[in-house]
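Here is a walk through the model. Keep the sequence and the 3D view side by side as you read.

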Amino acid sequence: MEYLLLIYHSEAEVGKLSEAEKGKLHQEYGTFTQSLVQSGHFKAGHGLQPTATATTVRVRNGKRLTTDGPFAETKEQLGGYYLIEAKDLDEAIAIAARIPSVRMGAVEVRPLMEG
Amino acid sequence: MDIERLYRDESGRILATLIRLLGDFDLAEEAVQEAFAAALEQWPAAGTPDNPRAWLVGTARHKAVDRLRRQTRFQAKREEVGRLAALEAPADGRDEPEGAVADDPLRLIFTCCHPALAVEAQVALTLRTLAGLTTEEVARAFLVPVPTMAQRLVRAKQKIRSAGIPYRVPADAELPERLEAVMLAVYLVFNEGYAATSGDALVRRELCAEAIRLGRLLCELMPGPSEPRALLALMLLHDSRRGARAGPDGDIVLLEDQDRRLWDQAQIREGIALAETARRDGGPGFYALQAAIAACHARAPRAEVTDWRQIARLYDLLLRVNPSPVIELNRAAAVAMAEGPAQGLRLLDALEADGRLRDYPLLPAARADLLRRLGRWSEAAQAYRQALDLTENDPLRRFLAGRLAEAEARAGTA
(Lines give C-alpha, C1' and ligand atoms only; values in the text may rest on other atoms or scores of the structure.)
Protein backbone atom coordinates (compact mmCIF):
# COMPACT_ATOMS: atom_id res chain seq x y z
CA MET A 1 0.00 0.00 0.00
CA GLU A 2 1.00 3.61 -0.47
CA TYR A 3 1.02 6.01 2.44
CA LEU A 4 1.53 9.74 2.59
CA LEU A 5 3.47 10.81 5.66
CA LEU A 6 2.63 14.43 6.42
CA ILE A 7 5.20 16.14 8.60
CA TYR A 8 3.87 18.80 10.93
CA HIS A 9 6.16 21.07 12.91
CA SER A 10 6.08 24.50 14.45
CA GLU A 11 7.76 26.94 12.07
CA ALA A 12 8.40 29.22 15.04
CA GLU A 13 10.31 26.46 16.86
CA VAL A 14 12.31 25.56 13.77
CA GLY A 15 13.11 29.25 13.29
CA LYS A 16 14.69 29.35 16.74
CA LEU A 17 17.22 26.63 15.90
CA SER A 18 20.87 27.72 15.55
CA GLU A 19 22.63 27.36 12.20
CA ALA A 20 24.54 24.35 13.56
CA GLU A 21 21.31 22.69 14.71
CA LYS A 22 19.64 23.36 11.36
CA GLY A 23 22.64 21.84 9.59
CA LYS A 24 22.43 18.74 11.77
CA LEU A 25 18.68 18.34 11.09
CA HIS A 26 19.29 18.74 7.37
CA GLN A 27 21.94 16.07 7.50
CA GLU A 28 19.65 13.71 9.45
CA TYR A 29 17.00 14.13 6.77
CA GLY A 30 19.57 13.34 4.09
CA THR A 31 20.58 10.12 5.83
CA PHE A 32 16.96 9.14 6.51
CA THR A 33 15.83 9.75 2.91
CA GLN A 34 18.82 7.77 1.63
CA SER A 35 17.88 4.81 3.85
CA LEU A 36 14.28 4.88 2.56
CA VAL A 37 15.51 4.85 -1.03
CA GLN A 38 17.78 1.91 -0.26
CA SER A 39 15.07 -0.11 1.50
CA GLY A 40 12.73 0.44 -1.45
CA HIS A 41 10.06 2.32 0.53
CA PHE A 42 10.69 5.73 -1.01
CA LYS A 43 8.38 7.02 -3.73
CA ALA A 44 8.65 10.79 -3.28
CA GLY A 45 9.38 13.35 -0.59
CA HIS A 46 10.09 17.04 -0.15
CA GLY A 47 10.35 19.75 2.43
CA LEU A 48 7.95 22.66 1.95
CA GLN A 49 8.65 26.39 1.99
CA PRO A 50 7.19 28.07 5.11
CA THR A 51 3.45 28.83 5.26
CA ALA A 52 4.22 32.52 4.69
CA THR A 53 4.63 31.50 1.03
CA ALA A 54 1.28 29.68 0.94
CA THR A 55 -1.78 30.76 -1.02
CA THR A 56 -5.23 29.23 -0.57
CA VAL A 57 -7.70 29.05 -3.45
CA ARG A 58 -11.46 28.45 -3.28
CA VAL A 59 -14.17 28.62 -5.93
CA ARG A 60 -17.65 29.59 -4.69
CA ASN A 61 -20.60 30.05 -7.05
CA GLY A 62 -18.19 30.01 -9.95
CA LYS A 63 -16.20 32.85 -8.43
CA ARG A 64 -12.55 32.37 -7.53
CA LEU A 65 -11.42 33.51 -4.08
CA THR A 66 -7.70 33.63 -3.48
CA THR A 67 -6.34 34.36 -0.01
CA ASP A 68 -2.93 34.72 1.53
CA GLY A 69 -1.77 32.01 3.90
CA PRO A 70 -2.35 28.29 4.59
CA PHE A 71 -5.76 26.58 4.68
CA ALA A 72 -5.83 26.58 8.47
CA GLU A 73 -3.91 28.70 10.96
CA THR A 74 -2.66 26.31 13.60
CA LYS A 75 0.15 26.03 16.08
CA GLU A 76 1.95 23.49 13.89
CA GLN A 77 2.23 23.63 10.13
CA LEU A 78 2.66 21.17 7.29
CA GLY A 79 6.39 21.28 6.67
CA GLY A 80 7.03 18.40 4.28
CA TYR A 81 5.95 14.97 3.19
CA TYR A 82 7.09 11.54 2.13
CA LEU A 83 5.18 9.27 -0.20
CA ILE A 84 6.13 5.72 0.68
CA GLU A 85 5.32 2.15 -0.23
CA ALA A 86 4.75 0.01 2.86
CA LYS A 87 3.40 -3.48 3.45
CA ASP A 88 0.87 -2.33 6.04
CA LEU A 89 0.04 0.39 8.55
CA ASP A 90 2.53 -0.98 11.10
CA GLU A 91 5.40 -0.63 8.64
CA ALA A 92 4.24 2.89 7.70
CA ILE A 93 4.04 3.88 11.39
CA ALA A 94 7.52 2.47 12.02
CA ILE A 95 8.90 4.61 9.18
CA ALA A 96 6.99 7.69 10.36
CA ALA A 97 8.55 7.27 13.80
CA ARG A 98 12.03 7.58 12.22
CA ILE A 99 11.40 10.93 10.52
CA PRO A 100 13.71 13.44 12.27
CA SER A 101 10.98 16.07 12.88
CA VAL A 102 8.76 13.57 14.71
CA ARG A 103 10.70 14.34 17.90
CA MET A 104 9.56 18.01 17.83
CA GLY A 105 6.36 17.83 15.85
CA ALA A 106 4.13 15.05 14.59
CA VAL A 107 3.62 12.93 11.49
CA GLU A 108 0.20 12.11 10.13
CA VAL A 109 0.03 8.77 8.31
CA ARG A 110 -2.56 8.69 5.52
CA PRO A 111 -3.20 5.71 3.28
CA LEU A 112 -3.68 6.59 -0.39
CA MET A 113 -6.82 5.50 -2.20
CA GLU A 114 -6.17 2.45 -4.31
CA GLY A 115 -6.69 2.10 -8.04
CA MET B 1 -24.57 -31.98 18.02
CA ASP B 2 -26.06 -28.82 19.43
CA ILE B 3 -25.33 -26.26 16.70
CA GLU B 4 -26.46 -23.35 18.85
CA ARG B 5 -23.94 -24.36 21.51
CA LEU B 6 -21.22 -24.81 18.86
CA TYR B 7 -22.01 -21.31 17.63
CA ARG B 8 -21.59 -19.84 21.10
CA ASP B 9 -18.42 -21.79 21.84
CA GLU B 10 -16.63 -21.69 18.52
CA SER B 11 -17.88 -18.88 16.28
CA GLY B 12 -15.27 -16.41 17.58
CA ARG B 13 -12.38 -18.73 16.82
CA ILE B 14 -13.81 -19.75 13.45
CA LEU B 15 -14.26 -16.08 12.60
CA ALA B 16 -10.65 -15.38 13.62
CA THR B 17 -9.43 -18.02 11.16
CA LEU B 18 -11.69 -16.75 8.38
CA ILE B 19 -10.48 -13.17 8.83
CA ARG B 20 -6.92 -14.40 8.39
CA LEU B 21 -7.85 -16.39 5.29
CA LEU B 22 -10.02 -13.68 3.71
CA GLY B 23 -8.34 -10.52 4.97
CA ASP B 24 -11.73 -8.86 5.41
CA PHE B 25 -13.84 -8.63 8.58
CA ASP B 26 -17.23 -8.14 6.91
CA LEU B 27 -16.74 -10.83 4.31
CA ALA B 28 -15.58 -13.22 7.06
CA GLU B 29 -18.57 -12.41 9.31
CA GLU B 30 -21.03 -13.03 6.49
CA ALA B 31 -19.30 -16.25 5.47
CA VAL B 32 -19.35 -17.61 9.05
CA GLN B 33 -23.07 -16.82 9.35
CA GLU B 34 -23.76 -18.60 6.06
CA ALA B 35 -21.70 -21.62 7.12
CA PHE B 36 -23.70 -21.98 10.36
CA ALA B 37 -26.93 -21.59 8.39
CA ALA B 38 -25.75 -24.40 6.09
CA ALA B 39 -24.94 -26.55 9.14
CA LEU B 40 -28.47 -26.04 10.51
CA GLU B 41 -29.85 -27.14 7.15
CA GLN B 42 -27.60 -30.13 6.46
CA TRP B 43 -26.45 -31.68 9.73
CA PRO B 44 -29.83 -32.89 11.03
CA ALA B 45 -30.26 -35.09 7.91
CA ALA B 46 -26.68 -35.83 6.84
CA GLY B 47 -25.25 -36.18 10.34
CA THR B 48 -22.62 -34.09 12.10
CA PRO B 49 -19.22 -34.15 10.39
CA ASP B 50 -16.25 -35.70 12.24
CA ASN B 51 -14.58 -32.34 12.71
CA PRO B 52 -17.39 -29.75 12.88
CA ARG B 53 -14.97 -26.84 13.23
CA ALA B 54 -12.99 -27.74 10.10
CA TRP B 55 -16.28 -28.30 8.24
CA LEU B 56 -17.48 -24.83 9.22
CA VAL B 57 -14.15 -23.18 8.28
CA GLY B 58 -14.12 -24.98 4.92
CA THR B 59 -17.76 -24.19 4.19
CA ALA B 60 -17.38 -20.53 5.18
CA ARG B 61 -14.39 -20.30 2.89
CA HIS B 62 -16.35 -21.72 -0.05
CA LYS B 63 -19.23 -19.32 0.66
CA ALA B 64 -16.79 -16.40 0.65
CA VAL B 65 -15.22 -17.53 -2.62
CA ASP B 66 -18.72 -17.77 -4.18
CA ARG B 67 -19.55 -14.32 -2.97
CA LEU B 68 -16.28 -12.84 -4.26
CA ARG B 69 -16.80 -14.54 -7.60
CA ARG B 70 -20.28 -13.02 -7.93
CA GLN B 71 -18.89 -9.61 -7.04
CA THR B 72 -15.94 -9.78 -9.45
CA ARG B 73 -18.24 -10.62 -12.33
CA PHE B 74 -19.58 -7.08 -12.06
CA GLN B 75 -16.54 -5.18 -10.96
CA ALA B 76 -13.39 -6.83 -12.22
CA LYS B 77 -11.07 -5.29 -9.69
CA ARG B 78 -7.53 -6.48 -9.98
CA GLU B 79 -7.18 -6.85 -6.23
CA GLU B 80 -10.32 -8.98 -5.86
CA VAL B 81 -9.31 -11.31 -8.66
CA GLY B 82 -5.91 -11.78 -7.09
CA ARG B 83 -7.45 -12.54 -3.71
CA LEU B 84 -9.82 -15.02 -5.27
CA ALA B 85 -6.96 -16.87 -6.93
CA ALA B 86 -5.08 -17.05 -3.64
CA LEU B 87 -8.17 -18.35 -1.84
CA GLU B 88 -9.02 -21.03 -4.34
CA ALA B 89 -5.52 -22.48 -4.35
CA PRO B 90 -5.72 -24.62 -1.18
CA ALA B 91 -8.42 -27.30 -1.17
CA ASP B 92 -10.22 -26.12 1.97
CA GLY B 93 -9.67 -25.27 5.65
CA ARG B 94 -8.84 -28.85 6.60
CA ASP B 95 -5.16 -28.76 5.73
CA GLU B 96 -4.45 -25.63 7.75
CA PRO B 97 -1.36 -26.01 9.93
CA GLU B 98 -2.47 -26.41 13.56
CA GLY B 99 -0.19 -23.62 14.83
CA ALA B 100 -1.62 -21.02 12.45
CA VAL B 101 -5.18 -21.81 13.54
CA ALA B 102 -4.31 -21.81 17.25
CA ASP B 103 -2.80 -18.32 16.93
CA ASP B 104 -5.81 -16.86 15.11
CA PRO B 105 -7.64 -15.57 18.22
CA LEU B 106 -4.42 -13.85 19.35
CA ARG B 107 -3.98 -12.27 15.90
CA LEU B 108 -7.57 -11.14 15.96
CA ILE B 109 -7.27 -9.52 19.37
CA PHE B 110 -4.05 -7.66 18.50
CA THR B 111 -5.68 -6.37 15.31
CA CYS B 112 -8.85 -5.33 17.11
CA CYS B 113 -6.71 -3.57 19.75
CA HIS B 114 -4.46 -1.75 17.28
CA PRO B 115 -3.48 1.70 18.63
CA ALA B 116 -4.64 3.28 15.36
CA LEU B 117 -8.22 2.52 16.54
CA ALA B 118 -9.97 4.49 19.28
CA VAL B 119 -9.86 2.65 22.63
CA GLU B 120 -13.61 2.20 22.91
CA ALA B 121 -13.68 0.84 19.34
CA GLN B 122 -10.87 -1.62 20.21
CA VAL B 123 -12.74 -3.26 23.04
CA ALA B 124 -16.09 -3.15 21.25
CA LEU B 125 -14.64 -4.85 18.20
CA THR B 126 -13.01 -7.53 20.35
CA LEU B 127 -16.31 -8.27 22.08
CA ARG B 128 -18.19 -8.30 18.78
CA THR B 129 -15.77 -10.53 16.86
CA LEU B 130 -13.79 -12.72 19.23
CA ALA B 131 -16.39 -12.95 21.99
CA GLY B 132 -19.22 -13.24 19.47
CA LEU B 133 -21.52 -10.75 21.22
CA THR B 134 -24.27 -9.14 19.18
CA THR B 135 -24.09 -5.41 18.50
CA GLU B 136 -26.99 -4.99 20.98
CA GLU B 137 -25.05 -6.80 23.70
CA VAL B 138 -21.90 -4.77 23.08
CA ALA B 139 -23.96 -1.57 23.20
CA ARG B 140 -25.41 -2.63 26.55
CA ALA B 141 -21.96 -3.48 27.94
CA PHE B 142 -20.84 0.08 27.05
CA LEU B 143 -24.11 1.75 28.09
CA VAL B 144 -24.51 3.42 24.66
CA PRO B 145 -27.43 3.34 22.16
CA VAL B 146 -27.34 0.50 19.60
CA PRO B 147 -27.00 2.75 16.49
CA THR B 148 -24.01 4.51 18.10
CA MET B 149 -22.32 1.17 18.70
CA ALA B 150 -23.18 -0.10 15.21
CA GLN B 151 -21.58 2.98 13.68
CA ARG B 152 -18.49 2.65 15.90
CA LEU B 153 -18.01 -0.96 14.74
CA VAL B 154 -18.50 -0.10 11.06
CA ARG B 155 -15.94 2.72 11.28
CA ALA B 156 -13.37 0.53 13.02
CA LYS B 157 -13.70 -2.21 10.40
CA GLN B 158 -13.46 0.36 7.61
CA LYS B 159 -10.27 1.75 9.08
CA ILE B 160 -8.72 -1.71 9.43
CA ARG B 161 -9.39 -2.29 5.76
CA SER B 162 -8.56 1.09 4.26
CA ALA B 163 -5.58 2.03 6.43
CA GLY B 164 -3.98 -1.40 6.06
CA ILE B 165 -3.95 -2.42 9.74
CA PRO B 166 -2.23 -5.83 9.61
CA TYR B 167 -3.66 -9.11 10.92
CA ARG B 168 -0.80 -10.42 13.02
CA VAL B 169 0.76 -10.68 16.46
CA PRO B 170 3.20 -7.76 16.65
CA ALA B 171 6.98 -8.18 16.83
CA ASP B 172 8.60 -8.36 20.30
CA ALA B 173 9.77 -4.75 20.23
CA GLU B 174 6.23 -3.48 19.70
CA LEU B 175 4.62 -5.67 22.37
CA PRO B 176 4.97 -3.39 25.42
CA GLU B 177 3.16 -0.55 23.65
CA ARG B 178 0.42 -2.90 22.53
CA LEU B 179 -0.06 -4.92 25.70
CA GLU B 180 -2.19 -2.55 27.79
CA ALA B 181 -5.06 -2.40 25.29
CA VAL B 182 -5.03 -6.16 24.72
CA MET B 183 -5.09 -6.89 28.46
CA LEU B 184 -8.05 -4.57 28.89
CA ALA B 185 -9.91 -6.31 26.09
CA VAL B 186 -9.19 -9.78 27.55
CA TYR B 187 -10.33 -8.54 30.96
CA LEU B 188 -13.60 -7.21 29.52
CA VAL B 189 -14.22 -10.40 27.54
CA PHE B 190 -13.80 -12.31 30.80
CA ASN B 191 -16.12 -9.94 32.65
CA GLU B 192 -18.74 -10.30 29.96
CA GLY B 193 -18.53 -14.06 30.38
CA TYR B 194 -18.51 -13.91 34.17
CA ALA B 195 -21.44 -11.54 34.49
CA ALA B 196 -23.34 -11.99 31.24
CA THR B 197 -25.32 -8.83 30.55
CA SER B 198 -28.11 -10.70 28.84
CA GLY B 199 -29.52 -14.10 28.15
CA ASP B 200 -30.55 -17.01 30.28
CA ALA B 201 -27.16 -18.02 31.66
CA LEU B 202 -25.50 -16.35 34.59
CA VAL B 203 -22.04 -17.22 33.32
CA ARG B 204 -21.07 -17.66 29.70
CA ARG B 205 -18.48 -20.30 30.40
CA GLU B 206 -16.95 -20.34 26.93
CA LEU B 207 -16.19 -16.58 27.11
CA CYS B 208 -14.39 -17.05 30.44
CA ALA B 209 -12.48 -20.04 29.05
CA GLU B 210 -11.46 -18.09 25.95
CA ALA B 211 -10.31 -15.13 28.03
CA ILE B 212 -8.25 -17.41 30.30
CA ARG B 213 -6.72 -19.09 27.27
CA LEU B 214 -5.80 -15.68 25.83
CA GLY B 215 -4.42 -14.68 29.24
CA ARG B 216 -2.13 -17.74 29.17
CA LEU B 217 -1.00 -16.89 25.65
CA LEU B 218 -0.16 -13.33 26.74
CA CYS B 219 1.92 -14.68 29.66
CA GLU B 220 3.83 -16.95 27.27
CA LEU B 221 4.27 -14.14 24.78
CA MET B 222 5.50 -11.74 27.46
CA PRO B 223 7.06 -13.61 30.38
CA GLY B 224 8.79 -10.44 31.62
CA PRO B 225 6.13 -7.94 32.73
CA SER B 226 4.03 -8.86 35.76
CA GLU B 227 0.63 -7.53 34.68
CA PRO B 228 -0.28 -10.38 32.28
CA ARG B 229 0.34 -12.83 35.16
CA ALA B 230 -1.79 -10.69 37.48
CA LEU B 231 -4.59 -10.64 34.90
CA LEU B 232 -4.42 -14.42 34.50
CA ALA B 233 -4.43 -14.86 38.29
CA LEU B 234 -7.47 -12.65 38.63
CA MET B 235 -9.40 -14.58 35.99
CA LEU B 236 -8.44 -17.99 37.41
CA LEU B 237 -9.47 -17.00 40.92
CA HIS B 238 -12.85 -15.68 39.83
CA ASP B 239 -13.44 -18.61 37.51
CA SER B 240 -12.58 -21.08 40.32
CA ARG B 241 -15.93 -20.20 41.92
CA ARG B 242 -17.90 -20.93 38.77
CA GLY B 243 -19.33 -24.26 39.96
CA ALA B 244 -20.65 -22.68 43.16
CA ARG B 245 -22.11 -19.46 41.77
CA ALA B 246 -25.25 -20.98 40.31
CA GLY B 247 -27.74 -23.38 41.85
CA PRO B 248 -29.17 -26.42 40.04
CA ASP B 249 -31.75 -24.25 38.24
CA GLY B 250 -29.20 -21.64 37.23
CA ASP B 251 -30.14 -19.41 40.16
CA ILE B 252 -27.61 -17.00 41.66
CA VAL B 253 -25.82 -18.16 44.81
CA LEU B 254 -24.16 -15.24 46.59
CA LEU B 255 -20.52 -15.47 47.66
CA GLU B 256 -21.47 -15.77 51.34
CA ASP B 257 -23.89 -18.65 50.62
CA GLN B 258 -21.67 -20.61 48.25
CA ASP B 259 -20.59 -24.17 49.02
CA ARG B 260 -16.86 -23.55 49.08
CA ARG B 261 -16.11 -27.25 48.57
CA LEU B 262 -17.24 -26.67 44.95
CA TRP B 263 -14.49 -24.12 44.36
CA ASP B 264 -11.80 -25.38 41.99
CA GLN B 265 -8.79 -25.80 44.27
CA ALA B 266 -6.30 -26.41 41.45
CA GLN B 267 -7.29 -23.12 39.85
CA ILE B 268 -7.09 -21.37 43.23
CA ARG B 269 -3.57 -22.70 43.87
CA GLU B 270 -2.40 -21.60 40.43
CA GLY B 271 -4.15 -18.23 40.76
CA ILE B 272 -2.72 -17.46 44.21
CA ALA B 273 0.81 -18.43 43.11
CA LEU B 274 0.56 -16.20 40.02
CA ALA B 275 -0.94 -13.34 42.03
CA GLU B 276 1.93 -13.50 44.51
CA THR B 277 4.71 -13.47 41.90
CA ALA B 278 2.97 -10.67 39.99
CA ARG B 279 2.59 -8.55 43.11
CA ARG B 280 6.22 -9.18 44.11
CA ASP B 281 7.58 -8.30 40.63
CA GLY B 282 5.28 -5.48 39.69
CA GLY B 283 3.72 -3.96 42.81
CA PRO B 284 0.10 -2.94 43.21
CA GLY B 285 -1.23 -2.47 39.66
CA PHE B 286 -4.79 -2.58 38.36
CA TYR B 287 -4.89 -6.34 37.83
CA ALA B 288 -2.57 -7.25 40.72
CA LEU B 289 -4.84 -5.54 43.25
CA GLN B 290 -7.94 -7.22 41.91
CA ALA B 291 -6.13 -10.56 41.97
CA ALA B 292 -5.17 -9.87 45.61
CA ILE B 293 -8.82 -9.20 46.48
CA ALA B 294 -9.92 -12.40 44.76
CA ALA B 295 -7.16 -14.25 46.65
CA CYS B 296 -8.55 -12.95 49.99
CA HIS B 297 -11.87 -14.63 49.20
CA ALA B 298 -10.20 -17.78 47.89
CA ARG B 299 -8.17 -18.17 51.12
CA ALA B 300 -11.20 -17.97 53.43
CA PRO B 301 -12.46 -21.50 54.13
CA ARG B 302 -15.78 -20.07 55.38
CA ALA B 303 -17.49 -16.77 54.49
CA GLU B 304 -17.42 -15.61 58.15
CA VAL B 305 -13.61 -15.62 58.31
CA THR B 306 -13.15 -13.43 55.20
CA ASP B 307 -10.69 -10.61 55.88
CA TRP B 308 -13.03 -7.78 54.86
CA ARG B 309 -10.79 -5.07 56.35
CA GLN B 310 -7.94 -6.16 54.11
CA ILE B 311 -10.32 -6.28 51.13
CA ALA B 312 -11.56 -2.74 51.86
CA ARG B 313 -7.91 -1.56 52.07
CA LEU B 314 -7.13 -3.19 48.70
CA TYR B 315 -10.15 -1.43 47.18
CA ASP B 316 -8.79 1.87 48.52
CA LEU B 317 -5.52 1.24 46.66
CA LEU B 318 -7.40 0.13 43.57
CA LEU B 319 -9.40 3.37 43.53
CA ARG B 320 -6.13 5.29 43.55
CA VAL B 321 -4.77 3.31 40.58
CA ASN B 322 -8.04 3.37 38.68
CA PRO B 323 -10.78 5.73 39.88
CA SER B 324 -14.12 4.25 38.83
CA PRO B 325 -17.66 4.32 40.21
CA VAL B 326 -17.97 0.52 39.91
CA ILE B 327 -14.89 0.08 42.13
CA GLU B 328 -16.40 2.60 44.58
CA LEU B 329 -19.49 0.40 44.67
CA ASN B 330 -17.41 -2.69 45.45
CA ARG B 331 -15.47 -0.82 48.09
CA ALA B 332 -18.73 0.26 49.74
CA ALA B 333 -19.83 -3.38 49.86
CA ALA B 334 -16.52 -4.37 51.51
CA VAL B 335 -16.82 -1.52 54.04
CA ALA B 336 -20.35 -2.69 54.84
CA MET B 337 -18.98 -6.15 55.65
CA ALA B 338 -16.04 -4.80 57.67
CA GLU B 339 -17.75 -1.97 59.55
CA GLY B 340 -21.47 -2.69 59.27
CA PRO B 341 -24.27 -2.03 56.76
CA ALA B 342 -24.94 1.53 57.91
CA GLN B 343 -21.38 2.60 56.95
CA GLY B 344 -21.69 0.93 53.57
CA LEU B 345 -25.10 2.48 52.95
CA ARG B 346 -23.71 5.96 53.55
CA LEU B 347 -21.13 5.40 50.77
CA LEU B 348 -23.76 3.96 48.41
CA ASP B 349 -26.13 6.89 48.96
CA ALA B 350 -23.33 9.28 47.98
CA LEU B 351 -22.59 7.17 44.91
CA GLU B 352 -26.26 7.19 43.90
CA ALA B 353 -26.46 10.95 44.34
CA ASP B 354 -23.62 11.61 41.88
CA GLY B 355 -25.52 9.80 39.11
CA ARG B 356 -22.59 8.13 37.31
CA LEU B 357 -24.11 4.65 37.78
CA ARG B 358 -27.66 5.64 36.91
CA ASP B 359 -28.26 2.62 34.64
CA TYR B 360 -26.18 0.09 36.56
CA PRO B 361 -28.45 -2.55 38.17
CA LEU B 362 -25.95 -3.62 40.83
CA LEU B 363 -26.05 -0.23 42.59
CA PRO B 364 -29.73 -0.44 43.62
CA ALA B 365 -29.20 -4.18 44.21
CA ALA B 366 -26.36 -3.45 46.65
CA ARG B 367 -28.40 -0.72 48.38
CA ALA B 368 -31.34 -3.09 48.65
CA ASP B 369 -29.15 -5.71 50.28
CA LEU B 370 -27.85 -3.31 52.94
CA LEU B 371 -31.37 -1.97 53.62
CA ARG B 372 -32.50 -5.58 54.01
CA ARG B 373 -29.72 -6.26 56.51
CA LEU B 374 -30.82 -3.15 58.42
CA GLY B 375 -34.43 -4.39 58.45
CA ARG B 376 -35.65 -1.35 56.48
CA TRP B 377 -37.95 -3.56 54.42
CA SER B 378 -40.08 -1.12 52.44
CA GLU B 379 -37.01 0.88 51.33
CA ALA B 380 -35.32 -2.40 50.42
CA ALA B 381 -38.35 -3.40 48.31
CA GLN B 382 -38.21 -0.08 46.51
CA ALA B 383 -34.50 -0.56 45.69
CA TYR B 384 -35.08 -4.15 44.48
CA ARG B 385 -37.77 -2.84 42.12
CA GLN B 386 -35.30 -0.24 40.80
CA ALA B 387 -32.67 -2.92 40.18
CA LEU B 388 -35.20 -5.17 38.40
CA ASP B 389 -36.01 -2.37 35.96
CA LEU B 390 -32.36 -2.14 34.94
CA THR B 391 -31.39 -5.73 34.11
CA GLU B 392 -32.30 -8.27 31.44
CA ASN B 393 -30.17 -11.08 32.82
CA ASP B 394 -32.67 -13.81 33.68
CA PRO B 395 -30.96 -15.36 36.75
CA LEU B 396 -30.33 -11.90 38.20
CA ARG B 397 -33.99 -11.04 37.62
CA ARG B 398 -35.13 -14.21 39.38
CA PHE B 399 -32.82 -13.50 42.31
CA LEU B 400 -34.00 -9.90 42.65
CA ALA B 401 -37.66 -10.91 42.30
CA GLY B 402 -37.23 -13.46 45.10
CA ARG B 403 -35.65 -10.89 47.40
CA LEU B 404 -38.32 -8.35 46.45
CA ALA B 405 -41.10 -10.78 47.42
CA GLU B 406 -39.41 -11.37 50.78
CA ALA B 407 -38.97 -7.63 51.41
CA GLU B 408 -42.59 -6.89 50.46
CA ALA B 409 -43.87 -9.62 52.78
CA ARG B 410 -41.73 -8.35 55.67
CA ALA B 411 -42.69 -4.72 54.97
CA GLY B 412 -46.35 -5.73 55.04
CA THR B 413 -46.11 -7.48 58.42
CA ALA B 414 -43.78 -4.94 60.07
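Helix axes are lines fitted to C-alpha atoms over the stretch in contact, and angles run from 0 to 180 degrees between N-to-C directions. Helices (H or I, at least four residues) and strands (E, at least two) are DSSP runs, numbered from the N terminus. This is a predicted model, in which local features need pLDDT of at least 70 and side-chain atom pairs count only at pLDDT 80 or more, while totals for chains, interfaces and linings use all residues. Residues are numbered from 1 along each chain as its sequence is written, and chains are lettered from A and ligands numbered from 1 in the order in which they are written.

Start with two helix pairs in chain B. Two packed helices are described by the angle between their axes and the distance between the axes. Helix α6 (residues 119-129) of chain B packs on helix α9 (residues 175-194) of chain B at about 45 degrees, and their axes are 9 Å apart. That angle makes α6(B) oblique to α9(B). The scale is this: under 35 degrees is roughly parallel, over 145 roughly antiparallel, 65 to 115 roughly perpendicular, and the rest oblique. The two helices α6(B) and α9(B) make a right-handed crossing. A crossing is right-handed if the near helix is turned clockwise from the far one by less than a right angle, and left-handed if anticlockwise.

Which residues of α6(B) and α9(B) meet? From α6(B) come Val119(B), Gln122(B), Val123(B), Thr126(B) and Leu127(B). Their partners in α9(B) are Ala181(B), Leu184(B), Ala185(B), Leu188(B), Val189(B) and Glu192(B). The contact of α6(B) with α9(B) holds eight nonpolar, two polar and one charged residues. Contact here needs C-beta atoms, placed from the backbone, that lie within 7 Å. Ala, Val, Leu, Ile, Met, Phe, Trp, Tyr, Cys and Pro count as nonpolar, Asp, Glu, Lys and Arg as charged, and the others, Gly among them, as polar.

Now the second pair. Helix α17 (residues 341-354) of chain B and helix α18 (residues 362-373) of chain B pack at about 150 degrees, with axes 10 Å apart. So α17(B) is roughly antiparallel to α18(B). Their crossing is left-handed. In α17(B), Pro341(B), Gly344(B), Leu345(B), Leu348(B), Leu351(B) and Glu352(B) take part. They meet Leu363(B), Ala366(B), Arg367(B), Leu370(B) and Arg373(B) in α18(B). By class, the residues of this contact are seven nonpolar, one polar and three charged.

Next, chain A. It has three helices and six strands. From the N terminus they run β-α-α-β-β-β-β-α-β. The C-alpha trace of chain A spans about 45 × 45 × 20 Å along its principal axes. Of its 115 residues, 16% count as buried. Buried means 20 or more other C-beta atoms within 10 Å of the residue's own, exposed means 12 or fewer, and partly exposed lies in between, with C-beta atoms placed from the backbone.

Four strands of chain A form an open sheet in the order β2-β5-β1-β6, with antiparallel pairing. Strands β2 and β6 of chain A stand at the edges, each with a single partner strand, so one side of each has no neighbour in the sheet. The twist averages 20 degrees from one strand to the next. Strands count as paired if DSSP finds at least two bridges between them. Strand β2(A) and strand β5 (residues 77-85) of chain A share five bridges, in the antiparallel sense. Along that pairing, His46(A) stands opposite Tyr81(A) in β5(A). Is β2 (residues 42-47) of chain A largely in the open or buried? None of its six residues is buried, so β2(A) lies largely in the open.

Two single residues deserve a look. Asn61(A) sits in the loop between β3 (55-60) and β4 (63-68) of chain A. Asn61(A) has a positive phi of about 50 degrees although it is not a glycine. With 5 C-beta neighbours inside 10 Å, Asn61(A) counts as exposed. Leu112(A) lies in the segment after β6 (106-111) of chain A. Leu112(A) is partly exposed, with 14 other C-beta atoms within 10 Å. Leu112(A) and Tyr3(A) are 109 residues apart along the chain, yet their C-alpha atoms are separated by 5.5 Å.

Finally, the chains meet. Their contact takes seven residues from chain B and six residues from chain A. The chain B side has four nonpolar, two polar and one charged residues.

Note on methods: Contact = placed C-beta atoms within 7 Å.
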